[in-house]
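Good morning, and thank you for making time for this presentation. Please look at the sequence and the model while I speak.

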Amino acid sequence: MTIQDGPRMDPRVLRTRRLLQDALLSLARERTLDEISVADVADRATVNRSTFYQHYPDTDTLLADALDAQASVVGADLSQIRPDTDTTTPPEVLIRYATHVAENVGLYRSALGEHGSPVAVTRLRKRIAALALEGLELHGAPPALSSLPLPIAAAALAGSVIGVLVAWLERDPLPPAQDAAAWAWSAVSGWPTDTAEP
């Protein structure tokens, strides 16, 4: 759950969480994530460490919330994808998400890379798996996945999308965001719906 979800939150809590998120994102532009401590974030946000721990258990959870909040601000919240979307082209929100990632490529390379944030990766994987599961329930599984329980098939699709995003981020120069969105969309929607005769 991100700070945007659930019941209305005290504005002071929201303000403090935004201060912490902004502080972490600011620090992440200057150094790698594993070099950023709770004390660093608290100092940059001008709060004390106990205030940090009142809101977040660790910097990984803070990072996951910060990435979610940034994606929402630019209208790139992946939960807006509808599984009944036309499968021939990627949804606009997925293109916006890839564009947002490209504009913050250093941060996302750090967050989703080899020494990145397990919490951020897990949250992204769960979000994509939930969307994939909804799509599978609406349209059925492609033949290659039809023998799997739907949650397992959804996890396989989510893993494919994460794999596409990570492989895209590893390329230098970075291919266009439109390409990444198309590749990721193909990973979840490009399966044949029935078996073709050889």
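Let me begin with a term: two residues are in contact when heavy atoms lie within 4.5 Å. Of the contacts in this chain with a separation of 6 or more, 61% are made by residues 24 or more positions apart.

A word on the basis of these values. This is a predicted model, in which local features need pLDDT of at least 70 and side-chain atom pairs count only at pLDDT 80 or more, while totals for chains, interfaces and linings use all residues. Residues are numbered from 1 along each chain as its sequence is written, and side-chain values use heavy atoms, with hydrogens and water left out.

The chain has 9 helices and 0 strands. Here helices (H or I, at least four residues) and strands (E, at least two) are DSSP runs, numbered from the N terminus. Of the 198 residues, 41% are buried; buried means under 20% relative accessible area, exposed over 50%, and partly exposed in between, with a 1.4 Å probe and protein chains only.

I turn now to helix α8, residues 150-170. Its 21 residues reach 30 Å from the first C-alpha to the last, close to the 30 Å expected at 1.5 Å a residue; that expected span is 1.5 Å times one less than the number of residues. Its buried residues include A154, L157, A158, V161, L165 and W168. An α-helix has 3.6 residues a turn, so residues three or four places apart point the same way. The buried residues of α8 pack against α5 (92-103), α6 (105-112), α7 (118-139) and α9 (177-189).

Next, the interior. A nonpolar core is a set of buried Ala, Val, Leu, Ile, Met, Phe, Trp, Tyr and Cys residues joined through side-chain atoms within 4.5 Å. The largest has 52 residues, and L20, V41, L78, Y97, L124 and W168 have the most contacts inside it. The largest share of this core, 7 residues, comes from α8. A second, separate core of 6 residues includes A132, L145, A153 and L157.

Finally, which backbone features deserve a look? Most residues other than glycine have a negative phi, and most peptide bonds are trans. T46, although not a glycine, has a positive phi of about 55 degrees; T46 sits in the loop between α2 and α3 (49-55) and counts as exposed, at 68% relative accessibility. The peptide bond from D172 to P173 is cis, with omega near 5 degrees, and P173 lies in the loop between α8 and α9.
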